[in-house]
Amino acid sequence: MLTRQLGTSDLSITPIGFGAWAIGGSGWEFAWGYQDDRESISAIREALDSGINWIDTAPVYGLGHSEEIVAQALEGVRDRPYVFSKCSMVWDERRKIGHSLKAKSIRQECEASLRRLKVDSIDLYQIHWPDPDEDIEEGWTTMAELKDEGKVRHIGVSNFNVAQMQRAQAIAPITSLQPRYSLIHREIESQLLPYTTQEKIGVIVYSPMASGLLTGSMTAERIASLPKDDWRKKNSDFLEPRLSENLHLVRLLQLIGDECGRSPAELAVAWSLRSPAITGAIVGARRPNQVRGVVGAAEFRLSDLDLTEIEVFFALAAA
């Protein structure tokens, strides 16, 4: 699989990375329901066997569990992938999630992630959310210190807007931005992508399949039967009136995919990678077959005709 340079760093990453949010398991605020750890490990190893060379996780995913599973999956792996993690989302003894960008908190988070991941240094360490906004400078200063100390190799941000990135850039360079991006969430196109291109900041997008909505396997009936602790049950993309329009989009992806032998999931991910401003896309998977069903998007390119069909769909929907 071909690789792309992430920003100005020495990281050369595949267009697709393995997203480890859903493998955090159940029992926390943003869970996806029950998850078999053995299948999680198999999914990660399938991703590595497919040529994927980076994993994106975070301590909040399963309140530490996702990082532990990533470490288990990488035991004995000779060609280890890059491991990316995050900070700023913390939890208390009651498992209630909060936010902190205080120096002491970030340092504690980093040490805990290093232990759970069983690594000496994290390849890319990212501020998960710019919250609280007034502490961005303290948080980013601490990130730069961790890089200087060798605890992390590169530092990035997630969910930042342009003004927030400018504040961080005044302290230390940003390696990468991690924003949400998919066919149904295109907000980054107007300001964020021009800015990251101008500043040579890498971009790795999350949720290119809209949290499973654009895979072709999601139906209104399946959504209704999702586990009670699956966060998607309360998300507006999975509820009317948006749900019907989103499923109409999936049907269009199925029609286009039938003509070129690709799944809706592959088309959705390939669409998110079409811009040269985007370095890679984080693709979550809970089972090996899900990896196999989307990895082809890394080297697939939508035709101009396909892209036009998709844009016509949105124009008609807006009208």
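I searched the whole structure for disulfides and found zero, a disulfide being a pair of cysteine sulfur atoms within 2.5 Å. I noted that this is a predicted model, where local features need pLDDT of at least 70, side-chain atom pairs count only at pLDDT 80 or more, and totals for chains, interfaces and linings use all residues. Residues are numbered from 1 along each chain as its sequence is written, and side-chain values use heavy atoms, leaving out hydrogens and water.

Next, the aromatics. I got nine aromatic pairs, counting rings of Phe, Tyr and Trp (its six-membered ring) with centres within 6.5 Å; planes under 30 degrees apart are stacked, over 60 edge-to-face, the rest tilted. Tryptophan 21 and tryptophan 32 make an edge-to-face one, 5.2 Å centre to centre with 90° between the planes. Tryptophan 21 is partly exposed at 21%, while tryptophan 32 is buried at 11%. Tryptophan 28 and tyrosine 61 form a tilted pair, at 6.5 Å and 45°, and both are buried. I see ring pairs linking Trp21, Trp28, Phe30, Trp32, Tyr61 and Trp231 into a cluster.

Last, I checked for charges over rings (NZ of Lys or CZ of Arg within 6 Å of the ring centre and within 35 degrees of the ring normal). The charged end of arginine 274 sits over the ring of tryptophan 271, 3.9 Å from its centre.

Methods
Buried < 20%, exposed > 50% of the residue type's maximum accessible area, 1.4 Å probe, protein only.
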